[in-house]
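Let us walk through this structure step by step. Keep the sequence and the 3D view side by side as you read.

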Amino acid sequence: MSIRSRIAGIGMYVPQNIFTNNDLARYMDTSDEWITERTGIKERRYADRTGETTTTMGVEAAKIAIERAGITAQDIDFIVFATLSPDYYFPGCGVLLQRAMQMKEVGALDVRNQCSGFVYALSVADQFIKSGMYKNVLVVGAEKHSFGLDFSTRGRNVAVIFGDGAGAVVLQPTEKENQGILSTHLHSDGASAEILAMYNPGTHANHWVKEAKLADFDDAEIGEMFFSHAMIDKAQTYPFMDGKSVFKVAVEKFPEVIKESLDANNLQTTDINLLIPHQANLRISQFVQKKLQLRDDQVFNNIQKYGNTTAASIPIALCEAWEQGRVKEGDLVCLAAFGSGFTWASALLRW
Ligand code: UT7
């Protein structure tokens with residue numbers, strides 16, 4: 001009998017502070033109408049500026065996941081932490097969580113895969129469980145975007161999309177027939193790495209940016225230093241996104257990687273009980289739903305309330321779906337993500 005890994009406990013945490021589209025319109029030239037129409041987002045949560053970090057939010061989600069798995073933090077034997085907004089440039093959030101939760105001296109791995117970070121992290125954890133190396137692996141996706149966004153009109157195409165939050169799962173082995181993670185599928189194509197990226201601070205020395213021919217980055221000083229006044233003056237320490245180009249590839253790769261997971265298990269779209277797409281944009285989820293001819297009850301979206309929380313979006317959505325009774329034992333659940341890199345991924349699991 002082969003071992004599979006299953007989600008034994010799931011938790012989520014979102015900050016108290018709700019920021020509506022109208023709240024954003026106080027800082028930049030935008031409107032509730034524009035944001036709702038283009039993204040479906042109505043509000044998002046922002047972490048307490050000094051009291052909460054990516055790690056502290058991850059800890060809150062992890063506490064719930066661990067409790068629901070019926071274990072304690074002392075039982076965790078490996079941590080995988082996915083984020084693009086770490087507390088420090090280094091070390092990663094995994095060790096900060098290990099310290100905050102007073103865990104044993106277990107391994108802690110940080111995953112830097114942006115929007116597909118959680119599915120990548122889950123896949124890594126799945127391999128450790130299947131190989132028999134670990135019994136309780138904690139997988140966390142958390143983001144504190146609000147600290148690193150340009151809230152002026154200049155940054156509006158990015159700032160309105162992102163929100164803060166965290167989700168976590170505990171993976172454990174199962175030998176039950178037809179339960180657990182059936183397969184995971186991971187992809188990347190670095191050809192468009194610069195169209196959704198935060199370049200600075202970094203060691204690129206303008207090398208890739210010049211090759212990508214992004215007009216904004218022709219200043220000699222920018223990129224030739226790890227961090228400079230010019231970067232700050234020119235607002236080049238914020239994320240850059242060519243939204244239209246990202247959208248086009250996303251709506252192609254999401255259905256592709258979902259189909260790949262179904263094909264690998266001889267299943268059809270009609271077999272899916274719930275698809276949890278990374279909450280990038282409600283329009284993208286709707287496009288994917290239409291392309292795969294899925295009914296409304298087969299797709300879960302909560303971007304309306306939280307915005308795009310990147311590595312946290314899938315575990316937050318999965319947790320809410322589970323809490324609402326939308327995921328029951330035996331259900332076929334598909335997780336799918338696409339984002340910066342580009343990287344994209346899916347996981348098919350039987351709850
Ligand atoms: O999870 C990470 C992966 N990221 C994504 O999946 C993002 C995918 N892309 C998108 O979701 C969409 O491209 C956006 C929602 C980001 C933008 O929608 P769009 O329809 O592609 O708009 P656009 O960027 O082409 O901008 C259209 C217009 C522009 O004005 P002009 O040049 O037509 O006068 C923008 O300046 O809308 C303007 N605009 C805004 N107006 C009001 C851009 N952002 C805003 C804003 N409020 N927040």
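Contact means that heavy atoms lie within 4.5 Å. Keep that in mind for Ala 197, which touches Tyr 238, Pro 239 and Phe 240, leaving aside residues up to four places away in sequence. One caution before going on: this is a predicted model.

Stay with Ala 197 for a moment. This residue lies in strand β9, residues 196–197. Is Ala 197 buried or exposed? Buried means under 20% relative accessible area. Ala 197 has 17% relative accessibility, so it counts as buried. Now look for Gln 114. Along the sequence, Ala 197 and Gln 114 are 83 residues apart. In space, their C-alpha atoms are 9.6 Å apart.

Zoom in on one pair of strands. β4 covers residues 78–82, and β6 covers residues 137–143. They pair in the parallel sense, over five bridges. Take Phe 81 as an example: its bridge partner in β6 is Val 140.

Now turn to helix α10, residues 282–291. Which of its residues are buried? They are Leu 282, Ile 284, Ser 285, Val 288 and Gln 289. Look down the axis of α10: these buried residues fall within an arc of 160°, so they line one face of the helix. The other side of α10 has Lys 290 and Lys 291, which are exposed.

What do the buried residues of α10 pack against? Their partners are α2 (32–39), α9 (243–264), β11 (274–277) and α11 (303–306).

Asn 281 caps the N-terminal end. A side-chain oxygen of Asn 281 lies 2.7 Å from the backbone nitrogen of Arg 283. After the helix comes Gln 293, with a positive phi near 55°.

Notes
Residues numbered from 1 in each chain as written. Predicted model: local features only at pLDDT ≥ 70, side-chain atom pairs only at ≥ 80, totals over all residues. Heavy atoms only, no water. Pairing = 2+ DSSP bridges. Helix = DSSP H or I, 4+ residues; strand = E, 2+ residues; numbered from the N terminus. Buried < 20%, exposed > 50% of the residue type's maximum accessible area, 1.4 Å probe, protein only. Arc of directions from axis to C-beta. Polar contact = N/O pair within 3.5 Å; in protein donor to acceptor, adjacent residues only side chain to side chain.
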